[in-house]
Amino acid sequence: QVQLVESGGGLVQPGGSLRLSCVVSGSIFRFSAMGWYRQAPGQQRELVATITSTGITNYADVVKGRFSISRDNTKNTVYLQMNSLKPEDTAVYYCNADPRSVKPTLRDYWGQGTQVTVSS
């Protein structure tokens, strides 16, 4: 049984920082690409950042230089450090685990989401 549990969201003022965490239960973490996505009200879900099983990262242009994704394979956890937050970063943030590049017969998995609100 694979489960993804996010934490770390909340209310922060513009310019502030938050760190999101996503713990993955089950055996897929070590060979999964991990990603953070977000969905604002009335908007489609969009990619924020990804990190491969070997640590290669990729960021959406709108967060480059402000957000940093990392993973700790000893803790089955992926992090998203968010700095210099802006009101337009307000969204529900979702964690994704995708093992299909290594295990094509598997599916990808999503967490339940954590709310991030940037407001003064």
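Visitor: What makes Leu20, Trp36 and Cys95 count as residues that Val78 touches?

Guide: In this predicted model, contact means heavy atoms within 4.5 Å. Val78 meets that criterion with Leu20, Ser21, Cys22, Phe29, Met34, Trp36, Ile51, Ile69, Ser70, Arg71 and Cys95, leaving aside residues up to four places away in sequence.

Visitor: Why is the set that includes Val78 and Trp36 called a nonpolar core?

Guide: The term requires buried residues of nonpolar type, or Tyr or Cys, joined through side-chain atoms within 4.5 Å. The largest such set has 31 residues, and Trp36, Val78, Leu80, Met82 and Tyr93 have the most contacts inside it. At least two core residues come from each of E3, E4 (33-39), E5 (46-51), E7, E8, E9 and E11 (114-118). In soluble globular proteins, nonpolar side chains tend to be buried together.

Visitor: How do you know that Cys22 and Cys95 form a disulfide?

Guide: The S to S distance is 2.2 Å, and the cut-off is 2.5 Å, so the pair qualifies. The structure holds one disulfide. Cys22 lies in strand E3 and Cys95 in strand E9 (residues 91-98), 73 residues apart, so the link is between distant parts of the chain.

Visitor: Why is this disulfide called left-handed?

Guide: The torsion about the S-S bond of Cys22 and Cys95 is about -85°, hence the left-handed label.

Visitor: Are Cys22 and Cys95 buried or exposed?

Guide: Buried means under 20% relative accessible area. Cys22 has 0% and Cys95 has 0%, so both are buried under that cut-off. Across the protein chain, 42% of the 120 residues count as buried.

Visitor: What makes E3 and E8 a pair of strands?

Guide: Pairing takes at least two bridges. E3 (residues 18-25) and E8 (residues 77-82) have six, in the antiparallel sense. Val23 stands opposite Thr77 in E8.

Visitor: Why are E1 and E7 placed at the edges of the sheet?

Guide: The open sheet has four strands in the order E1-E3-E8-E7, paired antiparallel. E1 (3-7) and E7 (67-72) each have a single partner strand, so one side of each lacks a neighbour in the sheet. Neighbouring strands of this sheet are turned by 15° against each other on average, direction ignored.

Visitor: How do you know that the protein chain is as compact as a globular protein of its length?

Guide: The chain has zero helices and eleven strands. Its radius of gyration is 14 Å, close to the 14 Å given by the globule rule for 120 residues, so the chain is as compact as a globular protein of that length. Along its principal axes the C-alpha trace spans about 45 × 25 × 25 Å.

How values were computed. Residues are numbered from 1 along each chain as its sequence is written. This is a predicted model: local features need pLDDT of at least 70, side-chain atom pairs count only at pLDDT 80 or more; totals for chains, interfaces and linings use all residues. Side-chain values use heavy atoms; hydrogens and water are left out. Axes are lines fitted to C-alpha atoms, for helices over the stretch in contact, and angles run from 0 to 180 degrees between N-to-C directions. Buried means under 20% relative accessible area, exposed over 50%, partly exposed in between (1.4 Å probe, protein chains only). The radius of gyration is taken over C-alpha atoms; the globule rule is 2.2 Å times the number of residues to the power 0.38.
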